[in-house]
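I opened this notebook to record what I looked up in the structure below. The entries follow the order in which I checked things.

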Amino acid sequence: MNTKDLILEKTLKLILDKGTIDISISEIRNSTKLTTGGIYYHFSDKSDIFEAILQKYMVDYIKIDFDKIILEGSSREKIHDTLLYILHHFIDGVEIESIHEKINYGSVILLLTATGYAEDDVTSIISQTGEDIKIFLTDLVEEGKRQNEIRQDFSTENIVKSLLIMYMGIQSLWLTFAKENTDSIFEKNFDMTWQALECR
């Protein structure tokens, strides 16, 4: 791991341990075993470190690579696998190599959110990602309607909204109750939602 990433990861670990973004340069220095000059070689000041953390663990994290979603089978399977992929994208988060323990990425999000949502980059990417998910699901729902796998009497827009509301409920549950079995809850809720949408 390069020194710059080490500084970001160790600072993130401090933020998680303290439960606050109020971390001093001396704490970062002690955690990384670098000199103050070594830290400032990579970052101009403390706020520069926090901006880089925000970029890596919030902005980059929010973006979804839709090309990695494997779409096979029926419309039900494609929509199911898409939503599950997106859910795991958020639950798994950005890999943090220097922390040799499994962290709940929800903790990272909650701690960075107060700072992050004030940043224009974060709010615009959240908005764009939401739109991208809607477009992706709309295409899948339209395909399912053409194949007579999804009801025609519901508008595509309302079906996509229903799927997103179901999904956002699961994501919110994960953020609030980290110990819940998110996959199991997702499966039950997806099954109930799909029963209302499928052609019979």
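I began with Glu 27, which counts as partly exposed because its relative accessibility is 25% (buried is under 20% relative accessible area, exposed over 50%, partly exposed in between, with a 1.4 Å probe and protein chains only). The model is predicted, with local features needing pLDDT of at least 70 and side-chain atom pairs counting only at pLDDT 80 or more, while totals for chains, interfaces and linings use all residues. Residues are numbered from 1 along each chain as its sequence is written, and side-chain values use heavy atoms, leaving out hydrogens and water.

I looked up the partner of Glu 27 and found a salt bridge with Lys 18, with the closest N and O atoms 3.1 Å apart (a side-chain nitrogen of Lys or Arg within 4 Å of a carboxyl oxygen of Asp or Glu). Lys 18 is partly exposed at 42% relative accessibility. The structure holds 8 salt bridges.

Next I noted Lys 78 and Glu 143, whose closest N and O atoms are 2.6 Å apart in a salt bridge. This pair links distant parts of the chain, Lys 78 lying in helix 5 and Glu 143 in helix 7, 65 residues apart (helices are DSSP runs of H or I, at least four residues, numbered from the N terminus). Lys 78 is buried, with 14% relative accessible area.

Last I checked helix 9. Its buried residues include Phe 186, Phe 190 and Trp 194. The face turned away from the buried side carries exposed Lys 188 and Met 192.

Notes:
Helix = DSSP H or I, 4+ residues; strand = E, 2+ residues; numbered from the N terminus.
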